[in-house]
Amino acid sequence: MPMVVREGEQALIFNRSGRGRLAIGPRRVFLLGDQLEELFRRVATQYQYLAVKYRDGRKEHIPGPQEMFLNRLVVEDIQVKNAIALDANHVLIVYKQKEQEITRRVVRGPTLFIPDAQEWIHEFDWHGSDKLNLGRWIPHAHKFTKLSNVPSQIYLNVRDVRTNDDTLLLVKLMIFYELADIVTMLNNTYDPIADFINAVSSDIIGIASQMNYEEFLQQTHQLNQLASYPQLTSRADRIGFKIKKVFYRGYQASSALQATHDE
């Protein structure tokens with residue numbers, strides 16, 4: 001009895017010795033002891049691509065709209081993946097290996113990006129803001145691939161700030177910054193937020209160590225001036241950023257000390 005491979009479908013036919021051949025519909029097939037295996041169809045829309053891995057080790061990315069049947073005589077795997085939508089305010093860092101050489105390029109939006117099979121996208125791994133504690137930052141909490149290229153800001157609490165009369169404070173800041181040079185950033189830092197935190201903490205601790213508690217309170221207006229943050233601004237320049245402004249948001253002392261001061 002014949003088998004039918006319908007239009008728009010494909011099948012593999014294996015004889016008794018295990019040799020296979022491809023049947024493309026519409027077609028009637030007389031098996032005569034052979035086995036028929038229908039092939040799975042993979043379809044990518046215009047917003048997707050097919051990631052194809054061939055049995056000989058080759059890989060290929062085929063942009064949609066496209067269809068392909070999983071013919072296991074030549075193909076090991078086919079995955080449907082979404083293209084990366086990139087707006088005008090974000091970029092991707094894309095690496096590509098060709099023989100023994102690895103190159104790097106910046107992909108800017110707006111675009112719908114489909115990587116080549118030999119390309120991969122840089123994943124950033126930065127400090128991330130604690131959602132439950134404004135101003136506290138957690139290592140490795142912010143992982144992402146789309147890098148923002150618009151001005152931004154962070155809230156930061158500088159802890160363990162000690163005056164020269166041994167008063168321990170927490171100083172609250174807001175730092176406004178922008179990314180000026182992507183290549184410089186990639187070449188000089190893994191985590192610019194960590195660099196900001198370390199540098200501004202050093203600046204604040206240095207300022208407080210030269211004053212007693214009362215003097216520090218009288219001079220807090222200085223904490224709104226960029227000139228008070230030489231280590232922050234110089235470190236930012238070295239890693240491709242510009243510090244636009246630092247805003248002093250206040251301080252926090254021990255409850256006992258604060259009560260004494262309020263009196």
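By class, which residues make up the lining of the largest pocket? The lining has 14 nonpolar, 9 polar and 2 charged residues, where Ala, Val, Leu, Ile, Met, Phe, Trp, Tyr, Cys and Pro count as nonpolar, Asp, Glu, Lys and Arg as charged, and the others, Gly among them, as polar. This is a predicted model, in which local features need pLDDT of at least 70 and side-chain atom pairs count only at pLDDT 80 or more, while totals for chains, interfaces and linings use all residues. Residues are numbered from 1 along each chain as its sequence is written, and side-chain values use heavy atoms, with hydrogens and water left out.

The largest pocket holds about 490 Å³ of space, and among its 25 lining residues Trp126, His142, Ser152, Ile154 and Tyr177 lie nearest its centre. A pocket here is an open set of points on a 1 Å grid over the protein atoms alone, where a 1.4 Å probe fits and protein lies on both sides within 12 Å along at least five of seven lines; lining residues have an atom within 4 Å of a point. The second largest pocket has a volume of about 170 Å³, and its lining, which includes Lys53, Lys59, His61 and Asp77, divides into 3 nonpolar, 2 polar and 4 charged residues.

Leaving out residues up to four places away in sequence, Phe196 touches Ile154, Tyr177, Leu232, Ala236, Ile239, Phe241 and Ile243, a contact being heavy atoms within 4.5 Å.

For the chain as a whole, there are 5 helices and 21 strands, which are DSSP runs of H or I with at least four residues and of E with at least two, numbered from the N terminus. Of the 263 residues, 38% count as buried, and the C-alpha trace spans about 100 × 40 × 30 Å along its principal axes.

Definitions and conventions:
Points joined across faces, edges and corners; volume = space filled by probe spheres on them. Buried < 20%, exposed > 50% of the residue type's maximum accessible area, 1.4 Å probe, protein only.
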